Amino acid sequence: MSARTAGHPHLVGGFAFALVRRWVRFYTFGMSAERRERRRAEIECDLWENCEDRLATEAAPATVGLELVGRCLRGAPADLFWRYQMEGPAMNIHFAIDRVAGALLLGTVIFLLIGSSISGYDPAANGFDGELRRAAGVNQTANLAVFTLSGIGLLVAAAGLTRAFRDRAPMLAQLCGAGLSAAGTLVLVSTAFYAAFASLAEDYVTGEGAAVELAAGQAHTVLVMMTATNMTAVVLAVVSVWGLALFAAKEQLVPGWLKVFPLISVAGAAILAVGGVVEELQWGGFTVSLLGALLWLVIAGGWIAFGGNERGGQHSATPSAV
């Protein structure tokens, strides 16, 4: 390294060098340590030689940095092709597939919590005016965006978990994936109902005469449909979690004591079923069932994602071909 090159930290340790190094780390991810380090050393050597040659011609350091960025961008396709040549069409990414599944379980907690909050308005006749005014007083754009993302998140989690577990329990993985996919789809439908309800609430607040009564009636109908759709989505998601818990216990991916949370969730569902038309029992059973499923997702997801089980880690050692 020449003294002149070392005197330009914005070249040596700045944006241009950092960009190239991070790109090398990205496209060599999952390769063997020896091959990855050899490639890194080749690129590092090429960078130094290029800098020394350009700085020797009195080129401005900023110009050299821009040239490095340009070379990195232009050479990206060639780098990817090099990676393909090294490993062929069935490139092995050496990461623990179970850890990815654990992360998806943790993500499902967030998506399910957000999705279940869509039905946050009471369709009861008494006080419905207040619910409409509350909905009209909120800027719903952010809510709609978050609810939409939660539905999409459930669909992504369904696909990822099905892919992660299908080699060991194809039927159960597909059933659980189908349940989560249906839940995600229904969350998106609930979001559409929510948008219609918010619009009708606005019409109710700003309208006059008969338009107010019409908007209130339509809003009530939409809210009832939204609540029913959202409840169905949550039920499907919870049942899918029971299936995932059964799979994880069978494969010993999580400790045995975690089975208590699915059992709590099932007990909540039983209360919900027995409660019938008693509103307090309905909501109590629903809350207990959802809470049991969420607690299992949090603990099991963290356990699997962070390698809390040696047996799970042995399963994870198998490379995932992409």
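Predicted model: local features only at pLDDT ≥ 70, side-chain atom pairs only at ≥ 80, totals over all residues.

Modeller: Residues are numbered from 1 along each chain as its sequence is written, and side-chain values use heavy atoms, with hydrogens and water left out.

Biologist: How many aromatic pairs are there by the rule, and how is a pair described?

Modeller: A pair of aromatic rings is described by the distance of the centres and the angle of the planes. Rings of Phe, Tyr and Trp (its six-membered ring) pair if their centres lie within 6.5 Å, and planes under 30 degrees apart count as stacked, over 60 as edge-to-face and the rest as tilted. The count by this rule is 6 aromatic pairs. The ring centres of Trp-23 and Tyr-27 are 5.2 Å apart with planes at 50 degrees, so this pair is tilted. Both sit in helix α3 (residues 15-27), where a spacing of 4 residues separates them by about one helical turn; helices are DSSP runs of H or I, at least four residues long, numbered from the N terminus. Trp-23 and Tyr-27 are buried, meaning under 20% relative accessible area, with exposed over 50% and partly exposed in between (1.4 Å probe, protein chains only).

Biologist: Which parts of the chain does the pair of Tyr-121 and Tyr-194 tie together?

Modeller: Tyr-121 lies in the loop between α6 (97-116) and α7 (128-136) and Tyr-194 in helix α9 (residues 170-206), so the pair links parts 73 residues apart in sequence. Tyr-121 is buried at 10% relative accessibility, and Tyr-194 at 3%. One aromatic cluster is formed by Tyr-121, Phe-147, Tyr-194 and Phe-197.

Biologist: Which residues of α7 are buried, and where do they point?

Modeller: Phe-128, Glu-131, Leu-132, Ala-135 and Ala-136 are the buried residues of α7. Down the helix axis they fall within an arc of 135 degrees, so they line one face of α7; the arc is that of the directions from the helix axis to the C-beta atoms. These residues pack against α8 (140-165), α9 and α10 (210-250), contact meaning heavy atoms within 4.5 Å.

Biologist: And where does Trp-303 sit, and is it buried or partly exposed?

Modeller: Trp-303 belongs to helix α12 (residues 279-305), and at 28% relative accessibility it counts as partly exposed.

Notes. Helix = DSSP H or I, 4+ residues; strand = E, 2+ residues; numbered from the N terminus.
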